[in-house]
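This report describes a protein model for a reader who is new to structural work. Please keep the sequence and the three-dimensional view at hand while reading.

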Amino acid sequence: SGKQLLDVLCESLRRLQGHLQGETPRARYLWDTVVCRPKEEEDLSDYIKCHFEDDLIERGIIAGRELKIGRRNSSEGQPGQLVDIHVDAISTDLRSGSVEVIRAIVEVKGCWNRDLQTAMKTQLLERYLAEHQCNHGLYVVGWFSCRYWNDEDPRKAQARGNFPSIERCRGFLDVQASELSQVLSDRSGEIRAVVVEATLR
């Protein structure tokens with residue numbers, strides 16, 4: 001089910017967290033260590049997508065990057081939307097032999113994103129899930145705030161302005177995800193939020 005797919009993705013992200021801050025921390029691969037600042041959101045999305053591929057491929061789960069949803073509006077000249085990561089799982093009913101594709105859409109943000117507190121609603125729920133007729137979404141935030149982050153990078157101040165701590169960020173987004181899931185309850189849908197710590201230590 002869609003709920004089970006979200007369970008699997010959240011479990012996978014917990015394993016990713018262990019890799020990022022483990023005995024041999026991989027968080028440094030998400031940093032430009034020459035000037036000591038986080039890489040771009042696109043790099044974080046690529047990293048998470050590659051992790052899903054390596055971690056979940058044996059379970060019949062396929063992750064893709066920047067799937068285009070919606071057609072170009074030729075009258076307004078607007079392109080279709082590109083989602084950060086889409087995840088497809090194949091569900092087979094052993095009794096009937098029927099096959100169903102279950103999908104979740106993953107939106108990825110860096111902790112410095114100016115729309116961090118609103119994009120779960122305006123982007124993930126109201127645009128991507130609605131336009132793609134998908135009922136399950138995952139909002140993933142990469143947390144980079146630490147003393148090693150170069151002060152000259154303006155994103156550092158923006159990150160501090162968004163949330164003063166990772167605990168506050170997680171608490172806010174968990175509550176928001178629960179509230180927005182009510183909008184999808186009639187379709188048995190759900191949104192979850194995961195904050196992945198990618199700080200240098």
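Is Lys121 buried, partly exposed or exposed? Lys121 has a relative accessible area of 38% and is therefore partly exposed, since that class lies between the limits of 20% and 50%. Its salt-bridge partner is Glu126, and the closest N and O atoms of the two are 2.5 Å apart. Glu126 is also partly exposed, because its relative accessible area is 41%.

**Confidence in the model**

The structure is a predicted model. The average pLDDT of the protein chain is 86, and 86% of the residues reach at least 70. Residues 67-81, however, have a pLDDT below 50; in the model this stretch makes 25 contacts beyond near neighbours in sequence. Where pLDDT is low, predicted coordinates should not be read in detail.

**The nonpolar core**

In soluble globular proteins, nonpolar side chains tend to be buried together. Here, the largest nonpolar core comprises 56 residues. Leu9, Ile48, Met120, Leu138, Tyr139, Phe144 and Ile191 are the residues with the most contacts inside this core. Two or more core residues come from each of several elements, including helix H1 (2-20), helix H2 (41-56), strand E7 (99-110), helix H3 (119-132) and strand E9 (190-197). Helix H1 gives the largest share, namely eight residues.

Apart from neighbours within four places in sequence, Ile191 is in contact with Met120, Leu124, Leu125, Leu129, Gly137, Ala177, Leu180, Ser181 and Leu184.

**A buried glycine**

Gly142 is located in strand E8, which covers residues 136-143. With a relative accessible area of 2%, Gly142 is buried, because the limit for this class is under 20%. Which residues does Gly142 touch, if those up to four places away in sequence are not counted? They are Leu44, Lys109, Gly110, Cys111 and Val196. Between the C-alpha atoms of Gly142 and Ile166 the distance is 9.9 Å, and 24 residues separate the two in sequence.

**Salt bridges**

The structure contains 13 salt bridges.

| Residue with N | Residue with O | Closest N and O atoms |
|---|---|---|
| Arg155 | Glu40 | 3.8 Å |
| Arg103 | Asp88 | 2.5 Å |
| Lys121 | Glu126 | 2.5 Å |

Consider the salt bridge between Arg155 and Glu40. Arg155 belongs to helix H4 (residues 154-162), whereas Glu40 sits in the loop between strand E2 (37-38) and H2, so the pair ties together parts that are 115 residues apart in sequence. Arg155 is buried at 13% relative accessibility, while Glu40 is partly exposed at 43%.

The salt bridge between Arg103 and Asp88 joins two strands. Arg103 lies in strand E7 and Asp88 in strand E6, so this pair ties together parts that are 15 residues apart in sequence. Asp88 counts as buried, with 13% relative accessibility, and Arg103 is partly exposed, with 23%.

Salt bridges can also be linked to one another. Lys3, Asp7, Glu190 and Arg192 form such a network.

**A nonpolar patch on the surface**

Which residues form a nonpolar patch on the surface? Ile90, Val99 and Val101 do, and together they have about 280 Å² of accessible area. Ile90 belongs to strand E6, which spans residues 85-92. The relative accessibility of Ile90 is 46%, and this residue is therefore partly exposed.

**Two residues with positive phi**

Most residues other than glycine have a negative phi. Cys36 has a positive phi, near 55 degrees. Cys36 is found in the loop between strand E1 (31-32) and E2, and its relative accessible area of 21% makes Cys36 partly exposed.

Ser188 likewise has a positive phi, near 55 degrees. The loop between H5 and E9 holds Ser188.

Terms used. Residues numbered from 1 in each chain as written. Predicted model: local features only at pLDDT ≥ 70, side-chain atom pairs only at ≥ 80, totals over all residues. Heavy atoms only, no water. Patch = residues over 30% accessible without salt bridge, like charges linked within 9 Å, V, L, I, M, F, W, Y side chains within 5 Å. Areas by Shrake-Rupley, 256 points an atom, 1.4 Å probe, with all protein chains shown as cover. Salt bridge = Lys/Arg side-chain N within 4 Å of Asp/Glu carboxyl O. Helix = DSSP H or I, 4+ residues; strand = E, 2+ residues; numbered from the N terminus. Buried < 20%, exposed > 50% of the residue type's maximum accessible area, 1.4 Å probe, protein only. pLDDT = per-residue confidence, 0-100. Contact = heavy atoms within 4.5 Å. Core = buried A, V, L, I, M, F, W, Y, C linked by side-chain atoms within 4.5 Å.
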